[in-house]
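Subject: Structure for you to look at

Hello,

I am passing on the structure we talked about, with my notes below it. Please look through it before reading on.

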Amino acid sequence: MPSVRIPTPLRKLTGELEVVQAAGATIAEVLHSLDQAFPGLKERICDDAGQVRRFVNVFVNDEDIRFLEESATPVKDTDEISIVPAIAGG
Amino acid sequence: MNPTPFFSNLKCRECGRLYPKQAIHVCDFDFGPLEAAYDYEAIGKVLSRKVIESRPHTMWRYRELLPIDGDPTVGAEVGFTPLIKADRLAKILGIRELWIKNDTVNYPTLSFKDRVVSVALSRARELGFEVVACASTGNLANSVAANAAAAGLKSYVLIPADLEQGKVLGSLVYGTQVIGIHGAYDQVNRLCSEIAGKYGWGFVNVNLRPYYAEGSKSMGFEICEQLGWRIPQHTVVPMASGSLLTKIHKAYKEFIQLGIVADTPFHMHGTQASGCAPISHAIKRGTDIVKPVSKPDTIVKSLAIGTPADGYYAIHSMKQSGGSAEDVTDEEVVEGIRMLAEYAGIFAETAGGVTVAGARKLIESGHIGAGDSAVLCITGHGLKTQEAIVGKCGAPRLIAPNLREFEEKIYAPDAAAASI
Ligand SMILES: Cc1ncc(COP(=O)(O)O)c(C=O)c1O
Ligand SMILES: [Zn+2]
């Protein structure tokens with residue numbers, strides 16, 4: 001299963017786990033299974049329309065999914081997915 | 001220390017939820033940015049032009065509107081840089097009246113970043129941090145390094161490995177830990193977000209960002225005061241994350257709300273380098289969806305942020321105020337640097353070239369009226385980015401140390417000599 005790095009603001013939902021495993025062949029599927037394991041997680045990451053929120057960046061390995069296929073981006077078992085708050089830097 | 005009652009909470013800009021004034025920067029619910037919230041009614045009772053004018057000439061003369069509890073303990077001397085009326089530059093750019101807000105001479109590290117760092121590190125101390133850090137395109141690193149050194153804080157500055165030599169040395173000299181990352185700024189930034197989450201350091205532009213960002217307001221307050229307590233018609237601001245533009249806008253609105261300046265029409269304009277112009281391109285496309293630039297390609301390294309954190313808000317500031325955005329090529333940046341030097345006597349870094357060249361285009365296109373008045377925010381010193389103009393401003397003419405060569409090669413006015 002791909003592993004997912006959880007950012008600090010969401011760790012309350014994962015029992016303070018920094019890295020979790022979640023099944024899925026695309027980002028959308030991974031987010032879905034994350035939500036099964038940690039209810040409420042998906043709603044934090046995606047808006048009502050199911051799109052990744054404006055202030056969240058999702059990376060597959062080192063690439064921002066906005067440069068790939070957004071939430072349809074395929075993922076492999078060996079991939080590392082990172083969820084990173086967008087509001088930083090300057 | 002006498003805690004001020006003016007700065008009450010952090011507040012999510014998206015949903016309005018309130019948070020305690022800790023080292024946190026995003027809302028738990030929607031990842032929206034947290035911003036300092038103030039009690040404007042209380043501030044209105046104590047802050048006036050007269051009170052401000054009675055205080056020392058630093059950015060801290062507006063301290064009620066800056067988010068720390070006690071007195072500033074880092075960078076108490078920062079700010080109140082000159083606002084210069086630039087008549088010769090105005091003429092060449094084709095505008096009636098032009099002012100330069102000259103942060104190339106900000107104290108101590110010659111860029112506007114000393115403003116944000118002064119607030120962030122003063123707050124870092126109040127929160128008890130011993131290690132401070134930043135993700136930087138260069139200027140911020142210089143400022144964190146210098147101000148942390150003066151304050152006796154341990155610092156780490158993380159930068160893209162390929163920055164200009166002046167920016168790298170300008171951090172190393174303070175004895176900070178300079179970490180060069182093989183990658184673009186956005187990768188540095190992402191790494192810093194992960195480090196901040198894991199090790200609990202005080203990252204000025206990550207977990208201390210709500211405090212850091214407010215520091216930029218002081219540039220807007222100073223502009224108003226130095227213009228004789230009024231808001232300029234047009235303000236032109238270089239954009240990287242878009243925070244400075246957003247915060248100057250906020251400063252103008254706060255002064256209006258407090259009755260310190262009159263509510264006159266004003267327009268915020270943002271400028272970027274074409275090789276990394278996600279915000280300007282979004283404005284030109286007429287959208288507020290910022291498409292990240294994955295591989296910035298420009299000599300303007302200080303503004304090379306491909307995923308600008310405040311892009312969305314900067315766009316709304318420009319739209320709301322009837323402003324506009326423009327981007328300029330690297331050649332135009334060099335022209336901008338030279339124009340500012342030759343017509344105003346100010347040597348700015350590449351971001352200054354972007355602002356001058358961008359303003360020229362905005363005037364040409366009529367987005368800034370030729371009969372209007374504008375302030376250009378010049379945010380960093382040219383000695384830090386010499387690579388950008390080396391070989392592009394000519395070279396000294398070399399002669400032997402004698403009068404004959406001088407007259408032969410440099411100054412041989414036959415007639416003039418006779419007339420002495
Ligand atoms: C000289 C200079 N001007 C302007 C900016 C833009 O700042 P912001 O990220 O607030 O848009 C930067 C950012 O690093 C800078 O170094
Ligand atoms: Zn929120």
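B:Cys27 is buried, since its relative accessible area is 0% and the cut-off for buried is under 20%. B:Cys12 also counts as buried, at 3% relative accessibility. Keep in mind that this is a predicted model.

B:Cys12 sits in strand 1 (residues 7-12) of chain B, while B:Cys27 sits in the loop between strand 2 (18-19) and strand 3 (34-38), so the pair ties together parts that are 15 residues apart in sequence.

The other topic is the interface. Chain A contributes 27 residues to the contact and chain B 33 residues. Together the two chains bury about 2,500 Å², with 58% of that area on carbon and sulfur atoms. On the chain A side, A:Phe55, A:Ile87 and A:Gly90 supply 27% of the area buried against chain B, more than any other three residues.

There are 4 salt bridges across the interface. One of them joins A:Asp62 to B:Arg190, with the closest N and O atoms 2.9 Å apart. The side of chain A that touches chain B is made up of 12 nonpolar, 5 polar and 10 charged residues.

Regards

Notes:
Residues are numbered from 1 along each chain as its sequence is written. Chains are lettered from A and ligands numbered from 1 in the order in which they are written. This is a predicted model: local features need pLDDT of at least 70, side-chain atom pairs count only at pLDDT 80 or more; totals for chains, interfaces and linings use all residues. Side-chain values use heavy atoms; hydrogens and water are left out. Contact means heavy atoms within 4.5 Å. Buried area is the accessible area (1.4 Å probe) that two parts lose on being put together, summed over both. A salt bridge is a side-chain nitrogen of Lys or Arg within 4 Å of a carboxyl oxygen of Asp or Glu. Ala, Val, Leu, Ile, Met, Phe, Trp, Tyr, Cys and Pro count as nonpolar, Asp, Glu, Lys and Arg as charged, and the others, Gly among them, as polar. Helices (H or I, at least four residues) and strands (E, at least two) are DSSP runs, numbered from the N terminus. Buried means under 20% relative accessible area, exposed over 50%, partly exposed in between (1.4 Å probe, protein chains only).
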